[in-house]
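Colleague: Could you walk me through this model? I'd like to hear about its pocket, its aromatic rings and its core.

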Amino acid sequence: EIFRRVDSLQLHAPFDQKERDLAEKRSKCHDTGRKEEKLATRLRQFLNVLVGVSVGFAAVAVRFGCQMLGNWRQKVLLNLLAGRDSWNLQFGEVLLIAMSMTGGFAMLATVAVVMVPASTGSGIPGVLAFLNGCDLRAALRGQVLLAKMFGTILAVGGGLALGPEGPMVHIGAIVGMVMCRRCLAPCLKRLGPFSRTVEEELSRQPLRYHVQAAVMGAGAGIAAAFNA
């Protein structure tokens with residue numbers, strides 16, 4: 001009986017040690033996983049704030065541009081109507097001038113679309129396609145953002161029968177992608193070893209954060225378009 005007990009202890013001792021080593025490794029993996037999840041959560045929260053504030057500034061710029069262009073166009077037409085006797089203009093001629101101004105702004109917006117075809121339309125179908133797995137990151141670039149904002153200001157402020165709500169979804173998604181790809185990642189590289197773990201997390205799953213930035217930007221664009 002004593003020999004059997006000693007033999008059993010000698011037989012199971014290596015397995016007990018392996019089990020303890022495995023349990024220790026498992027505990028370390030769990031701790032590492034929890035730390036990575038906390039880091040990813042904080043990074044997502046910071047990205048949400050950054051994207052939301054950036055989309056707000058973009059929406060203010062679009063709104064301001066539309067209002068300035070619309071007010072200027074309205075002021076010119078009212079001056080023409082008020083002084084049409086001195087200008088020797090009829091009401092139909094003033095109306096024709098108004099239509100020509102709107103057509104001119106529409107042509108300028110068309111030039112922006114021709115130069116950057118990805119900025120055509122509202123952009124909502126492209127954003128939805130990207131969020132559903134299609135690789136349309138080329139339609140979420142900074143060049144598309146400038147063309148989209150320029151075309152929206154010209155079209156809305158120029159008097160066309162449309163609003164900025166649809167394009168703001170696309171603009172918000174682009175701002176989110178630009179903030180994630182062009183601003184957040186380079187800033188992390190300049191912060192030194194303190195941000196190395198954050199940079200590794202961002203580079204380990206880039207598409208995850210790109211999609212989240214696009215979603216956050218599109219949602220912020222909708223909210224900003226309706227003056228939230």
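Modeller: Here are some questions and answers on those topics. This is a predicted model, so to speak of local features we need pLDDT of at least 70 and for side-chain atom pairs 80 or more, while totals for chains, interfaces and linings use all residues. Residues are numbered from 1 along each chain as its sequence is written, and side-chain values use heavy atoms, with hydrogens and water left out.

Colleague: Which helix gives the most to the lining of the largest pocket?
Modeller: A pocket here is an open set of points on a 1 Å grid over the protein atoms alone, where a 1.4 Å probe fits, with protein on both sides within 12 Å along at least five of seven lines; lining residues have an atom within 4 Å of a point. There are 18 lining residues, with Val113, Gly121, Gly151, Thr152 and Ala155 nearest the centre. Helices (DSSP runs of H or I, at least four residues, numbered from the N terminus) H3 (91-115) and H5 (142-157) each supply at least two of the lining residues. The top contributor, with 6 residues, is H5.

Colleague: What span does H5 reach from its first C-alpha to its last?
Modeller: The expected span is 1.5 Å times one less than the number of residues. H5 has 16 residues, which gives an expected 22 Å, and the model comes close to that, at 22 Å.

Colleague: Which residues form the aromatic pair?
Modeller: Rings of Phe, Tyr and Trp (its six-membered ring) pair if their centres lie within 6.5 Å; planes under 30 degrees apart are stacked, over 60 edge-to-face, the rest tilted. A search of the whole structure turns up 1 pair. The pair is edge-to-face, 6.5 Å centre to centre with 75 degrees between the planes, and its members are Trp72 and Phe105.

Colleague: Is Phe105 buried or exposed?
Modeller: Buried means under 20% relative accessible area, exposed over 50%, and partly exposed in between (1.4 Å probe, protein chains only). Trp72, at 46%, counts as partly exposed. Phe105 has 13% relative accessibility, so it counts as buried.
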